[in-house]
Amino acid sequence: MFFYYCDLAWRSIRKTPMLSMLMVLAISIGIGITITTLNVYKTMSYNPAGDRSEVINSVQLWSQGLDTWDEFSSNMTYTDAMNLRNNNELSFKAATFRTGLAMQSDNPKIEPVLQSVRVTDRDFFKIFSVPFLYGSYWDVSVDERPAYQVVISQKLNLRFFEGKNSVGKTVFLDRKPYQIVGVIEDWNPQPKYYDPLNGAFNDAEEIFIPFSLTAQEEFDVWGNTSGWKFEPMLTYNDRLLSEKVWIQFWTELSNQEQKQSYLAWLTRYVEQQRTMGRFTDSAKTPSELVQISHVEKWLEDNNVVPKDTRILVGLSLLFLSVCLVNILGLLLTKFLKRAPEVGVRRAIGASRGQIFSQYMVEVSMIGFIGGVVGLLWAFGSLTALHAYFEVDQSLIGLDMSMWFITPLIAISTAVIAGIYPAWVVCRTKPSVYLKAQ
Amino acid sequence: MLHIKPILSSLMRSKSSPILLLLQIILSVAIVANASFIINERLSLMQRESGYAEEQILTFSVYNFDPSIDNMKQNQVDQQILRSLPNVIDASYSNMLPLSDSGWMDRYVDGPDEDTAKSTPGFAFYLGNEHLLNVMGAKLIAGRNFSADEINTGLDDSGMLALVSQPLAKAFWGDESPLGKTMYQGTQTVTIIGVVDKLQGAWVDHENFEYSVIQNIDFGGSSSNKSYMVRALPEHIKGLEETIRKAFHAENPNRVLDNFQTVAELRDRSYSNHRLMATVLSIMVVLLLLITALGLTGMVMFNIQRRTKQIGTRRALGARKRDIIQYFMVENYLICIVGGVIGGMLALVLGQQLMSLYSLPMVPVIYPILSVIGLLVVTTLAVIVPAAKAANISPALATRSV
Amino acid sequence: MLSMKNINKVFKTDLVETHALRDFNLEVNEGEFVAVTGPSGSGKTTFLNIAGLLEGFTTGEFSLDGVNVSNLSDNHSAKVRNEKIGFIFQGFNLIPDLNLAENVEVPLRYRGMNASERKRRVESALEQVGLGARMKHLPTQLSGGQQQRVAIARALAGEPRFLLADEPTGNLDSLMARQVMELLENINQQGTTIIMVTHDPELARRAQRNIQIVDGQVCDFSMYQPAATGTR
């Protein structure tokens with residue numbers, strides 16, 4: 001019976017080509033716009049941590065003074081980062097910030113490149129499950145006693161070492177020799193959830209060096225440094241001792257108990273710091289001055305999905321609803337025109353359900369065609385976005401799920417639009433249309 | 001005579017199709033009003049004058065990675081090189097680049113005691129030398145620029161001078177002239193010596209975007225990573241990158257030059273999200289009107305087909321062609337206006353939602369009104385063709401039994 | 001076969017009540033060919049609609065083929081129409097998008113019959129009306145008489161117990177009308193009960209039995225038209 005309905009639907013669609021085209025156009029444009037914005041939204045709101053989202057946590061401290069900032073900063077001071085690193089209760093912890101260094105190798109033929117560099121601890125690789133191609137992260141002792149060791153990306157390894165295992169070799173960062181301890185496989189989480197503060201969709205760094213080198217190497221900070229009081233930073237040491245925040249801190253907390261006990265530890269830490277004249281916001285209790293955020297919350301707090309995107313998704317859904325009403329009108333028009341035929345079918349013994357099904361199959365078919373065309377629109381508009389607006393490449397790839405979601409939305413839109421017309425037409429009184437035409 | 005009453009009562013009797021039209025118009029007005037408001041808002045953001053000679057300023061960054069380089073000296077040498085290049089009008093170090101999305105912000109207070117002093121709003125904090133103003137192409141409207149012998153090199157030097165942007169001066173001092181005022185940063189004092197007409201900061205979406213200060217510090221010696229701004233006529237900008245690269249590497253090869261961009265390009269990138277939003281919304285509005293118009297045409301055509309006999313009868317009874325056209329137009333306008341009023345109200349409600357959810361400003365009433373007018377125009381176009389067709393129906397049809 | 005007892009059908013609007021049928025009684029036996037006549041507005045069409053289960057009625061009792069079909073659900077009456085009743089209309093009411101075979105096939109589709117059985121029945125029905133060679137033609141390519149024969153084939157394909165014909169020759173010229181009439185008589189001879197509504201006394205006279213509806217009631221044919229009771 002289904003194939004019979006399909007056959008009838010196809011004939012009916014072909015019989016009124018203009019009307020059918022109008023409907024397909026309306027549905028496909030609505031779908032095209034919706035899928036475009038939905039795709040951007042979906043990519044932006046993707047959580048790369050997956051099922052580790054709850055486990056991976058970042059720490060925020062309210063170190064600002066009274067009446068200054070009115071929310072937690074995503075960054076913390078060097079002092080706090082160092083103290084939190086030294087807390088041995090935590091099994092995994094990593095302080096991290098971004099810098100830039102010029103990279104060279106022994107090979108003079110390869111030009112030096114200025115690279116953005118992640119300064120961090122060895123646990124960073126574990127927390128974020130960074131995959132290694134050769135070697136591994138540096139030894140735990142390096143986090144305590146600085147050593148000039150480095151982990152580089154597969155791409156840089158290809159460029160400087162022709163892709164061979166370069167573990168043990170030396171590269172120069174700002175002309176200082178660093179020993180390669182590991183080469184990681186391609187790793188570029190989007191959004192860049194471990195540091196969305198400087199462009200949530202920028203590429204991951206390709207060089208990783210120990211955080212313990214920070215004080216002696218005085219790495220520039222390629223990121224935000226924020227202060228809430230006047231503190232001139234004349235030397236790097238001023239920066240390290242200041243209340244300025246510029247470091248992010250990550251840890252792993254696998255269950256609620258661990259979270260509670262860590263929060264308790266942080267509260268005790270803040271109490272202790274208060275006795276030393278820090279954490280001066282007297283309007284808050286120590287437990288209000290600490291916060292741990294799992295990845296989901298962290299992405300939310302850092303506005304990884306811009307509000308414009310949300311507005312666009314909302315408006316495009318409204319747009320789709322206009323298309324829906326539009327199609328509804330056209331379908332009603334079309335179906336009512338066919339009422340005499342329905343009368344005949346009813347007289348011959350078709351039940352209401354059979355007539356209803358016939359028309360639902362027809363609208364589904366229109367919806368499906370509209371969905372396919374809409375997918376093409378979406379593909380085209382995403383490509384155009386990339387070409388004309390420097391929208392990041394990673395945002396414009398049509399998500400795999402869209403291949404299922406699109407026809408689903410298209411067909412359900414058409415079906416919703418079709419229910420009323422099909423209902424009206426299936427309730428046609430057979431006797432009305434049978435008299436001489 | 002428009003005969004609204006019979007049209008209205010006939011509309012009331014035919015249930016679904018006018019209601020659908022109404023619904024579509026309500027939604028369209030709500031969307032179009034909000035979208036066009038956002039578009040307009042973004043466009044006016046993008047049209048703000050920056051105060052810079054955008055097309056004439058090439059910016060770039062230098063990274064001296066050789067630890068043996070004396071950054072202080074190198075900074076002076078590099079600026080000399082830049083200024084002596086052919087076609088270069090002027091060049092200067094700057095700690096931050098206008099409209100670049102990254103930079104420094106700071107604030108001054110008006111007294112030595114931090115607890116009692118009043119703080120200025122936050123402003124973009126440019127550090128540079130006496131050349132910077134000329135490179136920017138910014139207009140000094142009061143006071144004077146720095147002179148060469150007044151330039152400091154460190155943040156803790158004495159004799160700090162500042163140029164402030166006019167909007168900042170207005171915001172903090174009102175109508176009083178800021179010239180000669182002494183401001184404080186911790187223990188340091190800063191004397192304001194000039195007011196610049198327009199001087200935008202780095203973040204186009206920041207509420208204090210127009211508040212800026214230039215202080216007399218050539219900070220290029222403080223680190224190995226720095227940025228410069230070079231001014232040249234637009235026709236010379238193109239070849240300048242190559243010239244600069246060559247000249248810098250000839251002087252010292254141990255550095256990386258990067259991020260060559262004009263301020264116009266920086267501006268373009270900074271506003272790209274707004275441009276994107278405005279474009280996408282414009283396309284949406286156009287498509288929406290198109291779909292509404294097509295849907296309307298389709299429905300009017302159907303109505304005419306259904307009423308062929310009735311129209312023929314009317315014609316036979318003496319209706320002129322224009323009466324028939326008028327009938328359909330009035331019918332359409334009735335739906336449009338009712339839909340417009342409801343849609344306009346919905347637009348305001350929707351605007352309120354957007355406002356509370358995304359802290360957007362409220363939609364002014366003029367937008368729904370304009371949307372309704374726009375929709376009236378579009379529907380007129382959509383209805384007039386089928387209506388004219390209907391008017392051509394022969395009166396003889398009335399006598400046939402079909 | 002068909003038995004109507006005290007059927008009343010009342011149409012109500014805000015202002016008036018119209019009694020389309022009042023205390024309507026009729027018995028039709030298996031294999032009969034009954035012609036129904038009457039002036040327009042007498043209730044002929046209402047009778048036909050009720051007999052064909054296209055409409056319900058207000059009070060009374062109606063049984064078809066020994067089964068009470070009063071107050072059937074919509075679905076149930078659709079099923080009865082599909083399986084037991086064949087319709088023939090004045091305007092043929094073929095579906096213009098479908099070719100002849102597909103038109104004839106429609107009732108079989110709704111019965112959920114398999115493809116080979118459908119094919120067999122469609123072919124035999126079209127053969128029976130003499131259009132076996134034109135299965136792929138569209139209705140618009142045929143003359144009125146041919147179209148009506150297709151409509152008859154469609155009614156026959158379902159192998160119904162009885163046929164309802166509403167002015168089957170009303171749109172046809174006299175030659176074609178005679179052909180269609182002969183076809184109906186053939187079908188009747190093969191055992192199918194036929195009820196035909198017509199206002200043409202010529203045609204009515206060819207039926208076995210005539211009834212007349214006046215003001216929604218059956219006028220006894222034996223009293224008014226004794227001559228019309230023919231025998232086969």
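Val167(A) sits in the loop that links helix H5 (154–161) to strand S6 (170–173) of chain A. Keep in mind as you look around this residue that the model is predicted.

With Gly182(A), 15 residues apart from Val167(A) along the chain, the C-alpha separation is 5.8 Å.

Let's step back to the annotated region. An unreviewed UniProt entry lists residues 20–219 of chain A as "domain: MacB-like periplasmic core". This span is 25% helix and 26% strand, and its end C-alpha atoms lie 64 Å apart.

Now for the chains together. Two pairs of chains touch, and the pair with the most contacts is A and B. Here 36 residues of chain A meet 41 residues of chain B. On the chain B side, the elements that give two or more residues are helix H2 (16–46), strand S11 (255–262), helix H8 (272–306) and helix H10 (321–358). H8(B) supplies the largest share, 15 residues. The classes on that side of chain B are as follows:

| Class, side of chain B that touches chain A | Residues |
|---|---|
| nonpolar | 23 residues |
| polar | 13 residues |

What about chain B and chain C? No contact joins these chains, and their closest C-alpha atoms lie 13 Å apart.

Terms used: Residues numbered from 1 in each chain as written. Chains lettered and ligands numbered in written order. Predicted model: local features only at pLDDT ≥ 70, side-chain atom pairs only at ≥ 80, totals over all residues. Contact = placed C-beta atoms within 7 Å. Helix = DSSP H or I, 4+ residues; strand = E, 2+ residues; numbered from the N terminus. Nonpolar A, V, L, I, M, F, W, Y, C, P; charged D, E, K, R; others polar. UniProt positions renumbered as here; feature names shortened; annotations may be inferred.
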